[in-house]
Structures are given as C-alpha cells and as structure tokens.
Amino acid sequence: MSKKTIKEILGDYKKLLHHDITIQGWVRAFRSNRFIALNDGSTINNLQIVVDFENFDEEIIKNIKTASSLKITGEVVESEGKGQDIEIIAKKITILGDNFSEEMEKTVLQPKKHSLEVLREQAHLRFRTNLFGAVFRVRSAVSFAIHQFFNQNHFFYMNTPIITGADAEGAGEMFGVTNFDLNQIPRDENGDIDFAQDFFGKKTNLTVSGQLEAETAAMGLGRVYTFGPTFRAENSNTTRHLAEFWMVEPEVAFNNLEDNIDLAENFLKYVIGYVLENCKFDLKFLDQRFAEEQKQKPEKDRAKEGLIEKLENVIKKRFMRVSYSEAIEILLNSKENKKGKFQFPIEEWGADLQSEHERYLVEKHFESPVVLFDYPKEIKAFYMRLNEDGKTVAAMDVLFPGIGEIIGGSQREERLDVLKTKMQEMHIDEHELWWYLDTRKFGSVPHAGFGLGLERLILFVTGMTNIRDVIPFPRTPKNAEF
C-alpha cells in the first residue's frame, strides 16, 4: 500500500489498477452521499472517491463537507462514469479536519463565485480555489524553469543583499531600514538624522535591484544571475505595481547589447515553452477563463488570440528589434497620436514611452513582441553604456502584448572615465559607489544584463490582469495583511 499525490495517481493510473492506495486531500464536492471530488493541490483535476455509505458510520458521512480534509484508503478501479478514467472505491475514511459550516459562509470556501477583490481580502484561503491553485502552480513552474534555463547555460546563481546602501535606479523610492527607536531618533549638530549611530552606521534601504552587486560577481565569474525579492516605496495603486516583488537579473561579462537581446529572447521563449509543456491542465483552465473574460469586453477591446495561442505565438515569432528613434517616428505618425487618443501624446524625440505607447507598438503596429533599443541617455540610468552618437545609450526593453515592458536591460558602461562623468551629471555620489567604480579599474570588460519582473511574466502567462493576483500575499500602499 502506497501514498501518492493525485497528480501522480492520474498520470500513472494503469499501474495502480486494482491496488489499494492511500490518499489525502480536501473535499471539493460531495454528491448524493456517495461521490466525493477530492483534491490535494498537486493538480487542478479532482479524484473521484466512491463511498458505499452503508459500510461507513453515519457520523463520518455527516461530517464529509466541502473543504473538509480526509485521509482515504481504497481500491483503484476503472470509472464507470464520464469525466474520469479511474475512481477509488473507499474502504477506510478518516476525517483529518472538520469544516465548521457556520464559519464557512464568511470565507471564500463557500461554493459560489467571488470577485477577485474579495479573494484578495482572504489571500490565506484563495489557494484553495481552482483559479489561484492554477496561478500559483504556474508561478512555481516558471520559477523552476528560470533556474533550469540559467543552469543549463552555465550561469552561477548569486544571492545579492536585501539591505543595501546603494540605490541602483537613482529613483529614491526606497524603504528605509533602521534600528532606531522612532520616538527618540538621534540627530547631529545640524539637526539631521545621525545615521552613524544606527545599526549599520549609515543610511540603508531595502533593495530595488541586485544588479550592481551582480555586476561585481560577473567580473570574476563571467555569467551570473540573481533571483530574489525587491522593494519600491512607490505610492501607486495601479494593477501593475507592487511594493514587494521578485526580480530575475542576469549579468554577463563580455556580452554586448546584441548578445543581451539574444539572451532575453531565448530566456523568455524557454520559460514559456516549459510552462506550455508542463502545466497543460492549468493552462487549459486559465485559457477557458481568459476566453470567458474576453466575451465580457466590447468587441474592439477583445484579444485577437486565446491565452495558449498567444503563448505559442511568442515562441514561434522572432521578436521585432526596433530602435527607439524608429519607434518614435511610428508613434508620431500613428492615427492614435494624431487624433489625440493617447493619454500621453508623443510630441518629439526624447519622450519617455508609457505603457500605452509600448502596447500600441506590440499589439497594433507590429503584432509581435518587440525589443526597443538605443534610448535617449536622459531617460535611462547612469550605468548604461553611452553610444558613439553621445545622445543615446545601449539600452533595451522587451515589450509583450497586454503587458508592455516585461524586461529592461542594457550593455553596462565599462569605461571608467565615461561612467564617472555620467555619475556626476546625474548627481550619483562616487563615494557611495566606490566599490562599483573599482570594477572598472581592474580588468574592466564589456558586459550586459537585464531585469525581469517575475510577476509581470506570470501575468502574461496566466492571462490575469491584476498583479496582486499573481503573488501569494501582495504588498501595496496601506496593505500589509497576512
């Protein structure tokens, strides 16, 4: 007698026929005091348990309710009904956890449809729904595929600091870290906070990126990547922003911008391909949900392809590679821009592209994923390599349909003198980043990297539309529950 997950049982049931097995899971439904739909979270598919209620104590039958947890031993047999290949003839049932029905009415476990907003308020229970079970199994598969891709391509996995004194983005929107008693913050003779007395002896924050530290590792190890939590203290309540999210950031010595674009495209196609191959049942469910959601929209706003079709097309198509300057010309001459339909009109070269512009290029003009490159230096970070024209940098963004930017990266500025000049122009303190400048003093090489927001990729792969629904416990302004 063996204990297996429902996914294992359904995938290898022929070897189990007419054998006794033990399974554990939660009741999704109990019909006619005879048929239990059992699920253990390993798959979206339920396993049917057949109960001959005459062979069981009445008290046990009475306490088999939706959301109850059970341990069942029984024989695997071919199913006589439709919708499943096998079923389990129950021989022994143990109730591991009762469902207190009077409390159930207040939770997401009651068998009726809930809005995603309600489910977010009960994030501790939403894993038990079909939707969120599918989303988080896909998220797990994506995470595994990311590690597998880099491992197969000879990258080394680096853990960069969560607490840092450096601001990689230069945006200043960082969460401070302190050990001070906030009622008695020490101040210096000028009345400023005296961080010298704090735990780290200086002002520190939660990281917005592991890039700068990853660059230092790439200078000795060649190919590295980070994969960890990052934080932004941005007071934004949009469907695209979180205060805590996960970033994947490879850095590669000796790579130029073109190499970086190739890496990004190959990486995305690998991960999406892995999910298509290994999450078929979950994607089928999410595809059906996506189709139903599209039917509720005006026809002009509906997606042109289904979820699975969209994912397959990303793998098939070569990403369009378009310079920023070319993209600006396309946008300037677009009907949307000329008729004032953009919320942020494009007026001249140098404009910082918004999500609506990115999605126009991807969804309407090219109808393909797009890589934009060579951006104006004024709208990009200090570490991006200055091009020979003196006005653009070797930056690249990968744009996806429905999402906009999904990857942002660049060839890094490896020339010490140019890097120092750019830091001065952007008021970046050289003394704070002395260690970063050191990497340009001792054997500097051309190198490149990018950052992928994990949750944005999960949005794309699952067809979800709110980023709060693809991270287990979202952290947003005024919300740090659970």
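Student: What is the order of the strands in the open sheet of eight strands?

Tutor: Before we start, this is a predicted model, where local features need pLDDT of at least 70, side-chain atom pairs count only at pLDDT 80 or more, and totals for chains, interfaces and linings use all residues. Residues are numbered from 1 along each chain as its sequence is written, and side-chain values use heavy atoms, with hydrogens and water left out. Now the general idea: strands of a sheet pair through backbone hydrogen bonds, either parallel or antiparallel. Here the order is S7-S11-S12-S17-S16-S15-S14-S13, with mixed pairing. Strands (E, at least two residues) and helices (H or I, at least four) are DSSP runs, numbered from the N terminus, and two strands pair if DSSP finds at least two bridges between them.

Student: Which strands are the edge strands of this sheet?

Tutor: Strand S7 (156-158) and S13 are the edges, as each pairs on one side only. From one strand to the next, the twist averages 20°; such angles run from 0 to 180 degrees between N-to-C directions, with axes fitted to C-alpha atoms (for helices, over the stretch in contact).

Student: How does S17 pair with strand S12 and with strand S16?

Tutor: Strand S12 (residues 244-253) pairs with S17 in the antiparallel sense over five bridges. Valine 252 stands opposite alanine 448, and glutamate 251 has glycine 449 as its bridge partner. Strand S16 (residues 404-411) also runs antiparallel to S17, joined by five bridges; there, glycine 409 is partnered with phenylalanine 450.

Student: Is S17 largely enclosed or open?

Tutor: We look at burial: buried means under 20% relative accessible area, exposed over 50%, and partly exposed in between (1.4 Å probe, protein chains only). Seven of the seven residues of S17 (residues 447-453) are buried, so this strand is largely enclosed by the rest of the structure.

Student: Which residues of S17 lie on each side?

Tutor: In a regular strand the side chains alternate between the two faces of the sheet. In S17, His447, Gly449, Gly451 and Gly453 lie on one side, Ala448, Phe450 and Leu452 on the other, and all are buried.

Student: At what angle do helix H8 and helix H9 cross?

Tutor: The axes of H8 (residues 280-295) and H9 (residues 307-316) come within 7 Å and cross at roughly 115°. That makes H8 roughly perpendicular to H9, a label for 65 to 115 degrees; under 35 counts as roughly parallel, over 145 as roughly antiparallel and the rest as oblique.

Student: Which residues make the contact?

Tutor: Contact means heavy atoms within 4.5 Å. H8 contributes Leu283, Lys284, Leu286, Asp287 and Phe290, while H9 contributes Leu307, Ile308 and Leu311.

Student: Where is glycine 306, and what does it touch?

Tutor: Glycine 306 lies in the loop between H8 and H9. Not counting residues up to four places away in sequence, glycine 306 touches Asp287 and Phe290. At 25% relative accessibility, glycine 306 counts as partly exposed.

Student: How far does helix H12 reach from its first C-alpha to its last?

Tutor: The expected span of a helix is 1.5 Å times one less than its number of residues. H12 (residues 355-366) has twelve residues and reaches 15 Å, close to the expected 16 Å. Its buried residues are His357, Glu358, Tyr360, Leu361, Val362 and Phe366. Among the elements they pack against are strand S15 (392-400) and S16.
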